[in-house]
Amino acid sequence: MLMLMWEGSPIFWTFLPFLFFATSSFAKHYGGPAYDPSAWTECQAEPEAPLYNGGILTNKFPVYKPVKDINGDMVYSPTLSLENLSPGSIYSFSSWVRVKNLDSALVTTTLKLDTAYSKCIGSVIAKKGCWSFLKGGFLWDSPSNSSQIDFQSSEQTKRFVDVEIIAYSLQPFTERQWRRNQFEGINTERKRAVMIHVVDKNGFIVTGAAVKVNQISTDFPFGTVISRTILENLPYQKWFLERFKTTVFENELKWFKTEPLPGQLNYTVVDQMMEFVRKNSLIARGHNMFWPDPIYVQDWLENMTAPQLQRAMKFRIDSVMSRYRTEFFHWDVSNEVLKFDFFEKKLGPKATLDMFKKIHREDPLTTLFLNEFNIIEQCDPKANVDSYINKLKELKKGGVTLAGIGLESHFSIPNPGFMRAVLDKLATLKLPIWLTEVDVNRVHGLEEQALYLEQILREAFSHPGVNGIMLWSARSVGGCYQTCLTDEKFQNLPTGDIIDQLLLKEWKTETKRGKTNEFGSYNFRGFLGDYKVSVIYNHTVFNSSFSLGRGVETKHITVHV
């Protein structure tokens, strides 16, 4: 396997701060195309033009392979042949797709080299009579330079689907080109230009005044999960509070924990954790109100009639809201509903919609999330970007407001091209997108986990549609779910070093020092957040502060001395 080392040398990282301020020269030096974030979620009568004018698939034509379906009808599945692939390059793939012999079907694209090499690179729920947009990607990690992309769909009935494609595209990016696009995304979306003007009490400009600027907090919410073990563990608290202002509880708030037996409520631990949140001025996500995974559904719920279950669910909502209404800024309403359907089987297809409506009535200013896994991690026949979008549209049609996109992000090996493509489609909905439970599977060694974690975080932070990131790295008695950031003594592991590198250094504006110019001003470009400004004039220090929010225009600040 080719390891994606992003330049392979630690020396490269020492130049990252410089590169943030020199993206234009960086792009000029390394060349390459700008990434195209275009995406569509509606089925269209006519397809759009291919991205990148087709990229390396310009003048390439698919071969349609005939297959007999279960009824004996001949259907056709397209294949695109690929040549001159570059090991280590990231490829962005897209195509418009429609099906002919069914009203709709999930069509997957699979990258194939031989019988031993096959990976899904994207999927779309295609329809009959209109064109649907598929977007995906892959890292080419084979020494071979040729392969093929197959479009396939076989329903549960094993009936094969007649698939058509048009306006397809495949665009390669070297590692440096991909990183350059990330730099530009961060520089554009997460930073803003600032002009500080210094004037005296009469309104005259002051030249040569010493200016010092410190960022005291960042605007982008970046946090991690905590468990009850933090309550009596001062080293854990110290490590956490030095880095994070946003959190979520691992299992303590879940229904099976707070009401293990009918009517027997126990919020003792949750109350203690909420005291920790309030004491330290943290903000917390509510996770979760309901979870239809049969492993976590209490035994006493399983044999209930529909009216009994509805009463139990109302009691759950009432008991939570009576204690914590307005305390959580997000709620994961029903966890993993694309994968599990306990409540829908019991209460009908509108069960999730009813949950959203009831919780919104109780806590109307909290953003309600549909939290799901495998949306950006990998292809999944149940939980994929189109089925997720369809569920969100269903909720919106039913009257749900303040909906958020929750992407759990439990990764093994990340696929940057696939991840960004899915984020592009989700971003078209104009809803808040959060990565809610980021971790990397423990099958990888510590250094590999750190490498993959960095790739995930860079991809998310550089995407304009992402509004926040939560890590799933609570340290409990037995360790962590998949990814630990520290050892048991709260000394950083390689994953923790990555967090410190990004969160405390690279994604935070370093202290700025300078003097006002001949126009009485000092300017810089900084990450969004809160700042403190100190100006020294006539041996006196004058302090001011300001908040830097999103905007394309330069932020102007005036300090009076």
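Predicted model: local features only at pLDDT ≥ 70, side-chain atom pairs only at ≥ 80, totals over all residues.
**Entry 1**

I then looked up the partner of Cys43: a disulfide joins Cys43 to Cys130, with an S to S distance of 1.9 Å. The torsion about this S-S bond is about 105°, so I noted the disulfide as right-handed. Cys43 sits in the loop between helix H3 (23-30) and strand S1 (63-68), and Cys130 in the loop between strand S5 (117-127) and strand S6 (132-139), so the bond ties together parts that are 87 residues apart in sequence. Cys130 has a relative accessible area of 14% and is therefore buried.

**Entry 2: the other disulfides**

How many disulfides does the structure hold? I find three. Cys120 and Cys379 form one of them, with sulfur atoms 2.0 Å apart. Its S-S torsion is about -75°, so this disulfide is left-handed. Cys120 is in strand S5 and Cys379 is in the loop between strand S15 (367-372) and helix H12 (385-397); the pair links distant parts of the chain, 259 residues apart. Cys120 is partly exposed at a relative accessible area of 27%, and Cys379 is partly exposed at 23%.

Another disulfide joins Cys480 to Cys484, S to S 2.0 Å. The torsion here is about 115°, so I recorded the disulfide as right-handed. Are Cys480 and Cys484 buried or exposed? Both are buried. Counting bonded cysteines along the chain, I get the pattern 1-3, 2-4, 5-6.

**Entry 3: the largest pocket**

I turned to pockets next. The largest has a volume of about 950 Å³. I count 44 residues in its lining, and Glu377, Gln378, His410, Phe411 and Ser412 lie nearest its centre. Which elements each supply at least two residues of this lining? They are S5, S6, strand S17 (410-411), helix H13 (416-427), strand S18 (433-440) and helix H14 (446-461). S5 gives the most, with four residues. Sorted by class, the lining of the largest pocket has 22 nonpolar, 12 polar and 10 charged residues.

**Entry 4: the second largest pocket**

The second largest pocket holds about 730 Å³ of space. It is lined by 31 residues, and the closest to its centre are Ala105, Leu106, Ile125, Pro381 and Asn384. Strand S4 (104-114), S5, S6 and H12 are the elements that give two or more residues to this lining. By class I find 11 nonpolar, 12 polar and eight charged residues in the lining of the second largest pocket.

**Entry 5: a sheet of three strands**

I looked up an open sheet of three strands, in the order S21-S9-S24 and with mixed pairing. Strand S21 (521-527) and strand S24 (555-560) are at the edges with a single partner strand each, so one side of each has no neighbour in the sheet. From one strand to the next, the twist averages 25°. Strand S9 (residues 191-199) pairs with S24 in the parallel sense, over six bridges. Which residue of S24 is the bridge partner of Ile196? I find Ile557 there.

**Entry 6: backbone exceptions**

Most residues other than glycine have a negative phi, and most peptide bonds are trans. I looked for cases that depart from this.

The peptide bond between His287 and Asn288 is cis, with omega about -20°. Asn288 is in the loop between strand S13 (283-286) and helix H8 (299-302).

Asn59 is not a glycine, yet has a positive phi of about 65°. I place Asn59 in the loop between H3 and S1, and Cys43 of the opening entry is in that loop as well. The relative accessible area of Asn59 is 68%, so this residue is exposed.

His539, also a residue other than glycine, has a positive phi near 65°. The loop that holds His539 runs between strand S22 (529-537) and strand S23 (540-548). His539 counts as exposed because its relative accessibility is 82%.

Definitions and conventions
Residues numbered from 1 in each chain as written. Heavy atoms only, no water. Disulfide = S-S within 2.5 Å. Buried < 20%, exposed > 50% of the residue type's maximum accessible area, 1.4 Å probe, protein only. 1 Å grid on protein atoms, 1.4 Å probe; cavity = no way out; pocket = protein on both sides within 12 Å on 5 of 7 lines; lining within 4 Å. Points joined across faces, edges and corners; volume = space filled by probe spheres on them. Nonpolar A, V, L, I, M, F, W, Y, C, P; charged D, E, K, R; others polar. Pairing = 2+ DSSP bridges. Axes fitted to C-alpha atoms, helices over the stretch in contact; angles between N-to-C directions.
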